[in-house]
Amino acid sequence: MDNLDAYIDVKPEDAQEKIEQLRAEIERHTYLYYAQDEPEISDGAYDSLMRQLRQLEAEYPEYQDPNSPTMRVGGYVGEQFSPVTHQVKMYSLDNAMDLDELDEWMDKLVEEFGSLPPLMCELKIDGSSIALTYKDGNLIRAATRGDGTTGEDVTANMRTVRDVPLKLRVDHPGEIELRGEVYMPNSSFEALNKDAEKKFANPRNAAAGSLRQKDPSITQNRDLSTFIYAVADQQSFKSQEDLLNWLREAGFHVNPDVLLCDNKEQVKDFCKRAIDKRDRLPYEIDGVVVKVNNFAQQEEMGFTSRAPKWAIAFKFPPEEKATLLKDITVQVGRTGVLTPVAELEPVSLAGSIVSRATLHNLDEVRRKDVRIGDTVIVHKAGDIIPEVVGPVLSARPADAKVWNMPATCPSCGSAVVKDEDGVAIRCISIECPKQLNERIKHWVSRKALDIDGMGSEMVAMLIDTGRVRDVADLYTLTEDEIASLSRGRQNVEGEDIRVGHVIAKKIVAAIEESKTRSFARVLHGLGIRGVGENVAELLVDVYPTYELLSNASVEDLSSIEGVGPVLAENIVEFFTNPQNKDVIVRLRQSGLNFDDSAVVQDKDTSLEGNTFVLTGALSRPRPEYAQLLKDKGAKVAGSVSMKTTYVVAGEAAGSKLTKAQQLGLKILNEQQLLDLLNNLN
Ligand code: AMP
């Protein structure tokens, strides 16, 4: 019965006045609490006022107002946020990457104005830009920056942000658009990430993500805040200082940490102090924005297409922290590359907790000379990706351990090999679970085994359920199994996946049909590094069966034109790997084609040794002719050289024809080409 204290009895004729009184009162306390950080009443008293207002609004629905504090959570946004065209473009800012660049910018101002104009320094809040439009004092629209010209309507969500006044606290007839940053305080970010299944990388992403929720009540729970610092149309203000004062009066949350400077040293000091206090602030900042204070002077300077010329963002140097390198582990990427990863004692860095950082490859580990047990310096490259800069040598313990790349893949235990670049270490096992997704997607792709109906979701299901561990497993799937796989599963959009018997039947048929593909395509499908469609054909031309190919030596293979020694080695290594051999045995048992000798024997090689160049307009598409020529063993090149045997010149042939004439090459017209193709059969 705790609602009793709030119950309020008013006469109908007084209801409207009372409702408005309560709204004003609540908004004042909301402002004091959220924008000023100076609450006057307890949370309990605030809640009680809210309950009274809700009760009266329920009793007297005729006095509803979308800007009532009870309406801070509006309706569901629906499928999409509607676009909002900004009347005045929302610009980005140019950057000064260090104090010298900032100095240069200020020098330019001195050149322009004869002396340094007064400059307003503000903290650069690391959130998402927001534009708030008020009409006759009432919030009517909130929009994101989007691409600067068109943003998204996020009014319902921004209404839930408590430091955004729903009504201005000063009189302002007509429309006015104010701009600023919506951000997530660090404490809210940490609390959110503690619970959330899907973690946000930093408060900026969390703010942007929370702003774009379809359900405003989610936004409300995310505890966003704003700092407002700009107006779209500056006409009625004299300066940034003037504007900030007005914004404060009008009820906006304005960052108190601003300084109007009249010399360069003051500006630079502000920047240095901002770097120092960055870690102590309850929200993230990524720099300092320095603005020419006077709006008339701003107007004189104008904008580039991207940013105002009268402002600059001094960007902080990447934050660095020292922490313990606890271990170096190895991650196997989707293409089989083994990457060493630094396992760090968690450390808070530029807005997020860093506990892992890539070390790229063994050479990098050696070059940086990092050892397990070292204290290392970590920073964020571009303020996003954590990176290990190097060890603190003076802190190196005696037992710091030199690390080495494992000789086998941590995911499947297969031996690993060095890449042709001499740097990357790769697992080439066809059964390696980490690479499975890519391998299967490649196997079923159009140019390989061309298995229709095997989309990413299907492949993911087959792998997740453990039903498919390598490409050979595909050939043991039944219709019933495929149809039952999707039960209870959802796609990334959260919709139920439905694979019925009709689809399952088609997939089984497509799998069956893939057994008729050529050995060259099977070879391409196996995903041997460097063996694409063309190389597979080159190989099969010389070694038309699996027996022949798998017994060829590195020397044999590298003697094929178009196959270099590194590729030859990749191929031999692939066929020597026991896991790969096992998969091939099973594929053969399932009836896949490992023998193209019949095709190769019958192959028409009548144009072998000839290189053609096609130019000008022909009556059929050029690729079609190119294929006909290639089918007879000819090569088709893109440019004319001494190696060209024939140039086929269609209508309006240009420079290629001229060059062919200069070189005295044989030139054919389309009819002559057709004759050549037909007569040679
Ligand atoms: P950037 O996105 O790095 O080009 O930086 C430009 C953005 O900084 C603007 O679009 C604003 O959203 C944001 N910003 C944060 N704090 C301020 C501030 N005090 N003044 C102007 N812009 C700011």
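With which handedness does H12 pass H13? The crossing is right-handed, where right-handed means the near helix is turned clockwise from the far one by less than a right angle, and left-handed means anticlockwise. Keep in mind that this is a predicted model: local features need pLDDT of at least 70, side-chain atom pairs count only at pLDDT 80 or more, and totals for chains, interfaces and linings use all residues. Residues are numbered from 1 along each chain as its sequence is written, and side-chain values use heavy atoms, with hydrogens and water left out.

**H12 and H13**

- Helix H12 covers residues 436-444 and helix H13 covers residues 456-464; helices (H or I, at least four residues) and strands (E, at least two) are DSSP runs numbered from the N terminus.
- Their axes come within 10 Å and cross at roughly 130° (lines fitted to C-alpha atoms over the stretch in contact, with angles from 0 to 180 degrees between N-to-C directions).
- That makes H12 and H13 oblique to each other (under 35 degrees is roughly parallel, over 145 roughly antiparallel, 65 to 115 roughly perpendicular, and the rest oblique).
- On the H12 side, Leu-436, Asn-437, Ile-440 and Lys-441 meet Ser-456, Val-459 and Ile-463 of H13, contact being heavy atoms within 4.5 Å.
- Sorted by type, the residues of this contact are four nonpolar, two polar and one charged (Ala, Val, Leu, Ile, Met, Phe, Trp, Tyr, Cys and Pro are nonpolar; Asp, Glu, Lys and Arg are charged; the others, Gly among them, are polar).
- Asp-450 sits in the loop between H12 and H13, and has a positive phi of about 50° although it is not a glycine.
- Asp-450 counts as partly exposed at 22% relative accessibility (buried is under 20%, exposed over 50%, partly exposed in between, with a 1.4 Å probe and protein chains only).

**H3 and H9**

- Helix H3 (residues 99-113) and helix H9 (residues 264-277) have axes that come within 11 Å and cross at roughly 150°, so the two are roughly antiparallel.
- Leu-99, Leu-102, Asp-103, Met-106 and Asp-107 in H3 meet Lys-264, Val-267, Lys-268, Cys-271 and Lys-272 in H9.
- This contact splits into five nonpolar, no polar and five charged residues.

- Ser-239, in the loop between strand S8 (225-231) and helix H8 (240-250), is buried at 9% relative accessibility.
- A polar atom of the Ser-239 side chain lies 3.1 Å from the backbone nitrogen of Asp-242.
- His-360, in the loop between strand S14 (352-358) and helix H11 (362-368), has a positive phi near 65°.

Conventions:
A polar contact is a pair of N or O atoms within 3.5 Å; within protein, one must be able to donate a hydrogen and the other to accept it, and residues adjacent in sequence count only if both atoms are side-chain atoms.
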